[in-house]
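Hello,

Here is the structure we talked about handing over. Please open it and keep it beside this note while you read.

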Amino acid sequence: DADPLKNRYSDSFPIGAAVEPEQLEGTHGDILKRHYNSIVAENVMKAENIQPEEGEFNFEEADKIVKFANENEMNLRFHNLIWHSQIPEWFFQDEEGNPMVDETDSEKREENKKLLLERLETHIKTIVERYKDDVDSWDVVNEVIADDASNDRGLRESKWYQITGTDYIRTAFETARQAAGEDAMLYINDYNTEEAPKRTYLYDLVKDMVEDGVPIDGVGHQSHIQIGWPSLEDTAKSINMFADLGLDNQITELDVSVYGYPPSGEWHSFDDIPESTLENQADHYDDLFDLYEELDNKISNVTFWGIADDHTWLDDRTEDPNGKDAPFVFDPDFNVKPAYWSIMDET
Ligand code: XIL
């Protein structure tokens with residue numbers, strides 16, 4: 001049997017995987033227990049699953065993951081408390097069921113804002129009170145920065161933002177801190193955190209908030225990346241910038257796509273992917289983990305957004321409807337790939 005990934009990095013950081021509850025059993029469960037010492041829910045802790053209707057919390061699926069983490073003494077990340085996606089519409093509707101974003105009356109807009117922030121507080125408090133003794137790191141807000149600079153601070157113009165401005169971010173962190181306590185680790189999580197200008201927008205927001213006393217402990221770098229992109233320089237620069245602000249960094253959703261954007265391969269099965277591509281991926285992983293190790297006092301967790309290539313959200317994203325991506329270090333049959341050997345330094 002292949003040596004456990006987690007042992008190779010035990011001096012540096014836990015190695016995590018995103019999971020669905022069904023993956024806690026069978027071969028997935030075995031691989032999880034052998035190679036990983038941190039987990040995060042791929043979907044079941046998101047708002048649409050935890051509070052599908054106002055006041056109706058559903059913890060059944062989330063509990064399975066919490067229980068597994070406890071039984072196997074694994075680190076647990078919570079993903080996520082506040083996001084614009086995978087959240088039910090009722091959050092953003094007033095008492096009459098009208099969309100809050102359409103409101104033009106300024107008094108009514110104030111009332112809506114108050115109502116939405118109350119809902120945010122209830123959502124966060126209820127979850128945090130249930131899991132505060134189990135969770136090691138919380139993704140308090142997810143993806144608050146826009147992809148293009150649609151406003152001068154680069155803030156995503158989500159419904160949260162349209163209705164509350166940046167107050168939702170501040171309130172989310174303050175509520176989480178109050179409910180979870182001083183020792184809880186609270187993160188702002190986003191993708192494409194490596195390159196400017198997005199990196200700069202995130203930095204400026206976080207710096208302002210930290211200076212303003214908002215209880216942010218660290219930055220989660222999703223790290224949905226590709227072979228050869230982003231550069232190691234930009235990756236290091238981003239981690240160092242946030243560390244220099246006194247913040248922790250975590251790599252929260254790592255996958256290294258074998259496709260470029262736009263997708264350059266037309267691979268319908270894992271076996272169609274050229275060996276040279278898997279070798280290039282291994283080289284990328286090698287450099288990346290060398291960097292993570294070099295910066296390990298600034299990075300407290302490295303989590304993959306899946307366990308093995310049989311199950312990856314990237315398969316839903318490739319332009320080719322039948323395209324098979326292969327972003328991890330275990331193949332669809334759970335065999336080790338060149339990328340496994342490279343990050344184990346056994347090439
Ligand atoms: C993805 C899941 O992997 C998919 O199963 C789901 O259909 C959509 O969401 N950024 C995030 C994650 O923060 O929550 C997303 O997860 C991937 C991108």
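**What I found**

Start with Glu73: this residue is exposed, because 7 other C-beta atoms lie within 10 Å. The burial terms work as follows: a residue is buried if 20 or more other C-beta atoms lie within 10 Å of its own, exposed if 12 or fewer, and partly exposed in between, with C-beta atoms placed from the backbone. Glu73 sits in the loop between helix H4 (60-71) and E3. Phi of Glu73 is near 50°, a positive value in a residue other than glycine.

Two notes on the source. This is a predicted model, in which local features need pLDDT of at least 70, side-chain atom pairs count only at pLDDT 80 or more, and totals for chains, interfaces and linings use all residues. Residues are numbered from 1 along each chain as its sequence is written. As for names, helices (H or I, at least four residues) and strands (E, at least two) are DSSP runs, numbered from the N terminus.

Most residues other than glycine have a negative phi, and most peptide bonds are trans. Ser223 also has a positive phi, near 65°, and is not a glycine. Ser223 lies in the loop between E6 and E7. Is Ser223 buried or exposed? Ser223 counts as buried, because 23 C-beta neighbours lie inside 10 Å.

There are cis peptide bonds to check as well. One joins His79 and Asn80, with omega about -10°. Asn80 is in the loop between strand E3 (75-78) and H5. Another runs from Trp229 to Pro230, with omega near -5°. Pro230 is in the loop between strand E7 (224-226) and H9.

**Strands**

Look at E1 next. Strand E1 (residues 15-19) is largely enclosed by the rest of the structure, because 5 of its 5 residues are buried. Both faces are covered: Ile15, Ala17 and Val19 are buried on one side, Gly16 and Ala18 on the other.

E1 has partners. E1 runs parallel to strand E9 (residues 299-304), joined by 3 bridges. Strands count as paired if DSSP finds at least two bridges between them. Ile15 stands opposite Val302 in E9. E1 also pairs with strand E2 (residues 38-41), again in the parallel sense, over 4 bridges. There, Ser38 of E2 is the bridge partner of Gly16.

E5 and E6 pair in the parallel sense too, over 4 bridges. Asn189 stands opposite Gly220 in E6. Both faces of E6 are covered: Gly218 and Gly220 are buried on one side, Val219 and His221 on the other.

**Helix H8**

Helix H8 (residues 198-211) has 14 residues. Its first and last C-alpha atoms are 20 Å apart, close to the 20 Å expected at 1.5 Å a residue. The expected span is 1.5 Å times one less than the number of residues.

The buried residues of H8 are Lys198, Arg199, Tyr201, Leu202, Leu205 and Val206. They lie on the same side of H8, because they cover an arc of only 165° around the axis. That arc is taken from the directions from the helix axis to the C-beta atoms. Asp208 and Glu211 are exposed on the other side.

What do the buried residues of H8 pack against? They pack against strand E5 (185-190), strand E6 (218-221) and helix H9 (232-244). After H8 comes Gly213, with a positive phi near 85°.

**Helix H5**

The 26 residues of H5 should span 38 Å at 1.5 Å a residue, and the end C-alpha atoms are 38 Å apart, which agrees. Its buried residues are Asn112, Leu116, Leu120, His123, Ile124, Ile127 and Val128. These pack against helix H3 (47-50), helix H6 (159-164) and helix H7 (167-180).

Take His123, in helix H5 (residues 106-131). His123 counts as buried because it has 21 C-beta neighbours inside 10 Å. Beyond its neighbours within four places in sequence, His123 is in contact with Ala47 and Gln51. Contact means that the two C-beta atoms, placed from the backbone, lie within 7 Å. The C-alpha atoms of His123 and Ile82 are separated by 8.9 Å, with the two residues 41 apart along the chain.

**Ligand**

Which residues are around the ligand? They are Glu42, Asn43, Asn142, Gln222, Glu253 and Trp313. A residue is near a molecule if its C-beta atom, placed from the backbone, lies within 6 Å of it. This shell divides into 1 nonpolar, 3 polar and 2 charged residues. Ala, Val, Leu, Ile, Met, Phe, Trp, Tyr, Cys and Pro count as nonpolar, Asp, Glu, Lys and Arg as charged, and the others, Gly among them, as polar.

Best wishes
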